[in-house]
Amino acid sequence: MSLDLMFGTLAQLLTSPTALWMMILGTLIGIFFGAVPGLGGRLAIAVTIPFVFGKEMIPGAVFLLSMHAVTGTAGQISSIMFGVPGTGDDAATIVDGYPMAQKGEAGIALGASLTASGIGGIIGAVVLAVLIPVIEPIVLKFSPAEFFFLALLGITFVAFVSGAAIFKGIVVGFYGMMLAFVGMDPQTGIARYSEDFLFLWDGLDLITAVLALFAVPEMIHLGVKGGAISAFSKDFSDTGVRAQLKGVVETFRHMWLVFRSSMIGAFIGILPGLGGSAAAWICYGHAVQSCKPPRNFGRGDVRGVIAPEAATNSKEGGSLLPTLFFGVPGSSGMAILLGAFLILGIQPGPMMLTQHLDLVWILIWALVISNIAAVVILLFITRWVAMLTFLRGGIMIPFVLVVVVFGVLLAKGQWENLIMLCVLSVIGYGLLKYDWPRPPFAIGIVLGTIAEESLHKAWALWRWDFFTRPLSVILIGMIVATIAYAIYRGFKDNKTQEAN
């Protein structure tokens with residue numbers, strides 16, 4: 001791999017006024033689409049495709065990729081401030097980010113999440129660059145059997161994100177998996193658990209479910225409790241530049257966690273079909289599993305913000321690999337991006353390695369620069385956004401609920417999802433009020449669909465033999481070890497509590 005090509009493409013990108021302007025414009029638009037709940041990167045690309053039609057290949061591709069790459073960076077703002085995820089990928093950030101805002105630490109949470117997102121995006125781009133020569137054998141080693149066990153491994157993290165209430169967590173996790181089966185059976189095409197409601201034939205909308213389980217219950221709780229989101233007054237809270245710098249320092253203090261989460265996220269991005277939500281929740285579970293003391297998670301632990309944000313952004317670099325070199329989109333967002341690339345005249349496939357490697361390097365640099373630019377821009381504006389946590393609930397609740405309704409309608413454009421929002425919000429508030437863990441629900445609904453589809457495909461290909469594939473055996477061992485460790489840790493924590 002030539003260093004001349006690597007740095008030559010960087011110079012080409014930075015010295016081209018058109019490409020540079022398109023990258024900056026894409027970054028700004030991506031920040032907007034990420035910050036408004038329900039919009040996200042997929043809608044951003046779909047809306048802007050007509051504007052790049054007929055443009056030159058490189059500026060158009062840089063614009064679309066930059067815009068898509070930074071939506072996850074901006075989506076964390078509403079997740080931390082109001083408990084409203086910008087996209088489904090940002091739901092994991094709520095679990096610890098929103099409690100930090102309630103404790104008057106919104107500035108620290110925003111600084112840490114933005115820094116982790118930027119570093120994760122850069123690591124994802126580095127992974128893309130390093131794996132260019134060896135990507136084909138890695139991707140081809142993974143089959144539906146490995147996808148199934150990888151999804152099961154993510155589901156076993158329910159035991160960790162549930163804290164001491166492991167039984168409750170398992171029940172809520174199975175509830176999420178049950179709702180993941182609503183819709184058309186992937187094998188027979190028969191509608192399941194949807195009766196005559198056509199809007200459920202595509203399955204339960206993830207954005208609607210996440211907003212109902214996290215955002216609306218928190219607003220109901222805030223209304224019942226009274227006051228502001230932050231339990232501390234403005235005088236005793238730290239939301240300015242100093243707080244954001246503390247968040248930046250916290251990110252670098254947990255740099256090993258950032259690196260691990262970024263690598264896991266990039267790896268999940270490489271595997272088509274898993275997506276950003278899976279990466280965020282798997283890395284959140286990994287953080288709970290590997291960090292001590294785990295009991296702080298869910299109560300406002302900055303590590304619970306750092307891990308999913310690093311993973312969400314790093315998976316963009318990973319998912320670009322199969323998209324460019326095999327024409328197989330690594331996520332739903334990349335599927336739309338692939339269509340836009342084809343319109344611009346970019347033909348994904350092995351020729352990208354031989355004839356168009358310069359374009360690949362330009363896209364890698366666009367990933368790096370747009371992530372850095374988004375972090376810098378957001379660090380400048382979030383100090384004022386953090387002040388919203390001190391507004392009275394009577395002012396904030398109507399605003400947040402309008403944003404929630406807006407997000408639900410934008411997600412799929414189906415008014416019926418508002419009914420599902422109301423129904424699931426009652427359940428979500430019940431879970432919150434009676435202290436049942438809610439993260440396992442999101443894990444179940446995200447990974448349940450992946451597990452089911454992969455199981456059907458693996459069974460059709462190998463029957464029982466898919467259990468004995470080498471990578472399957474390794475993943476089964478990891479699942480068993482994870483469950484055993486969760487049981488051991490739960491037993492140890494109970495003994496410690498009894499001793500105290």
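A polar contact is taken here as a pair of N or O atoms within 3.5 Å, of which, within protein, one must be able to donate a hydrogen and the other to accept it. In the predicted model examined here, the side chain of S370 reaches the backbone oxygen of A366 at a distance of 2.7 Å. S370 belongs to helix 18, which covers residues 357–385, and with a relative accessible area of 1% this serine is buried. When neighbours within four places in sequence are left aside, the residues in contact with S370 are T27, S66, A69 and V70.

Helix 13 comprises residues 255–270. Beyond its neighbours within four places in sequence, R260 is in contact with H286 and S290.

Aromatic pairs were considered next. A pair of aromatic rings is described by the distance of the centres and the angle of the planes. The count of such pairs in the model comes to 5. In one of them, the rings of F149 and F467 have centres 5.6 Å apart and planes at 65 degrees, so the arrangement is edge-to-face. F149 lies in helix 8 (residues 144–156), whereas F467 lies in the loop between helix 21 (439–462) and helix 22 (470–499), so that the pair ties together parts 318 residues apart in sequence. F149 counts as buried at 3% relative accessibility, while F467, at 33%, counts as partly exposed.

The rings of W256 and F259, by contrast, have centres 5.8 Å apart and planes at 15 degrees, and the pair is therefore stacked. Both residues lie in helix 13, 3 residues apart, which corresponds to about one turn of the helix. W256 is exposed, with a relative accessible area of 57%, and F259 counts as partly exposed at 37% relative accessibility. Finally, ring pairs link F149 and F467 with F148, W459 and W464 into a cluster.

Key:
Residues are numbered from 1 along each chain as its sequence is written. This is a predicted model: local features need pLDDT of at least 70, side-chain atom pairs count only at pLDDT 80 or more; totals for chains, interfaces and linings use all residues. Side-chain values use heavy atoms; hydrogens and water are left out. Helices (H or I, at least four residues) and strands (E, at least two) are DSSP runs, numbered from the N terminus. Contact means heavy atoms within 4.5 Å. Buried means under 20% relative accessible area, exposed over 50%, partly exposed in between (1.4 Å probe, protein chains only). Rings of Phe, Tyr and Trp (its six-membered ring) pair if their centres lie within 6.5 Å; planes under 30 degrees apart count as stacked, over 60 as edge-to-face and the rest as tilted.
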